[in-house]
Amino acid sequence: MKPLEFVVVLLCVLLGLGRGADLAFATDAATGLCTAGAVWWRYIALGAVVLAAVLAGRSRPLPPEPLRSRRPAAGVLAFAGAVCMLAAGAAQFVLAAGTVSTFVRILLEVACAVWLSNLGRSWLRRDGWKTPAGGLPLAIAGSALFYWNVLMRFMENSSSWHRVQPTAAVWQEMAALLLLAALARTLYLPRPENGRSLHAAALAAFCLCLCWELPRVLLLLAAGFGGGMAAVLPELLSGLALCCIGGMGLACTRKGKAGNN
């Protein structure tokens, strides 16, 4: 890991710890409103770390060859993300209202789970790299979930500058979308400029989808064990899937052994 990347990863971890403390001690659980300090300091901290991650990623391209190799950590996280995504879809089908938007989201979650599982299978193969089944069309369909989630958040108009979580959630969905799209371009449409986009998207996804999301997932898990698991289960599973994608982003930046195309 390059020194600049190490600094960015450290900043992301510190941001996650700060976010956990903020949720536990300075945010109202019922409304999501901050109870101490100016809300703008939260956005400044988040924006500064994400900007640092993007700039660090853009400073060094990731070549496509290491991605076409055995990468156990990335493969396990991809599979874990697929399982969480399928479980989230099943939980929504059983527990959520049967609206058209919910049905569309479930279908997109299934497509995303299939794409992640195929990607994980390719990274875990012991007999050499094989291009993930389904090709670019499945990769695009598997990324569309996060585009849909961004649209739905704007349509629901649940975001407020004074409620950090729903606003930051839009950034998280966009980071996941950019990471999966950059992976698809690098694997199926390799071009020199793809490497910088992939590296920037990977570090941004690590920051937003793992470090920023994990504290909220832990709080949801605690609330579930406190007696309200059915109420938080779909959101909890979706958050876990997002964390897996964020971890996969960082794992993608590590070196791997050359494999076969």
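The side chains of Glu-109 and Arg-105 are joined by a salt bridge, with N and O 3.3 Å apart. The model behind this value is predicted. Both residues sit in helix 4, four residues apart, so about one helical turn separates them. Their surroundings can be read from the accessible areas. Glu-109 has a relative accessible area of 1%, so Glu-109 is buried. Arg-105 reaches 24% and counts as partly exposed.

Helix 4 covers residues 100–124, and helix 3 covers residues 72–95. These two helices pack against each other, their axes 8 Å apart. How are helix 3 and helix 4 oriented to each other, roughly parallel or roughly antiparallel? The angle between them is about 160°. Angles over 145 degrees count as roughly antiparallel, and helix 3 and helix 4 are therefore roughly antiparallel. Their crossing is left-handed.

Now back to the charged pairs. How many salt bridges does the structure hold? The count is seven. One of them pairs Arg-60 with Glu-5, where the closest N and O atoms are 2.4 Å apart. This pair links distant parts of the chain, its members being 55 residues apart. Arg-60 lies in the loop between helix 2 (39–58) and strand 1 (69–70), while Glu-5 belongs to helix 1. Is Glu-5 buried or exposed? Its relative accessibility is 3%, so Glu-5 counts as buried. Arg-60, with a relative accessible area of 25%, is partly exposed.

Another salt bridge connects Asp-127 and Arg-125. The closest N and O atoms of Asp-127 and Arg-125 are 2.8 Å apart. Arg-125 is partly exposed, at a relative accessible area of 27%.

The last stop is helix 5, which runs over residues 135–156 and includes Ile-140. Is Ile-140 buried or exposed? At 53% relative accessibility, Ile-140 counts as exposed. The C-alpha atom of Ile-140 is 8.4 Å from that of Leu-180. Along the chain, Ile-140 and Leu-180 are 40 residues apart.

Pro-137 is found in helix 5 as well. With 60% relative accessibility, Pro-137 counts as exposed. Its C-alpha atom and that of Ala-184 are separated by 9.5 Å. Pro-137 and Ala-184 are 47 residues apart along the chain.

Terms used:
Residues are numbered from 1 along each chain as its sequence is written. This is a predicted model: local features need pLDDT of at least 70, side-chain atom pairs count only at pLDDT 80 or more; totals for chains, interfaces and linings use all residues. Side-chain values use heavy atoms; hydrogens and water are left out. Axes are lines fitted to C-alpha atoms, for helices over the stretch in contact, and angles run from 0 to 180 degrees between N-to-C directions. Angles under 35 degrees count as roughly parallel, over 145 as roughly antiparallel, 65 to 115 as roughly perpendicular and the rest as oblique. A crossing is left-handed if the near helix is turned anticlockwise from the far one by less than a right angle, and right-handed if clockwise. A salt bridge is a side-chain nitrogen of Lys or Arg within 4 Å of a carboxyl oxygen of Asp or Glu. Buried means under 20% relative accessible area, exposed over 50%, partly exposed in between (1.4 Å probe, protein chains only).
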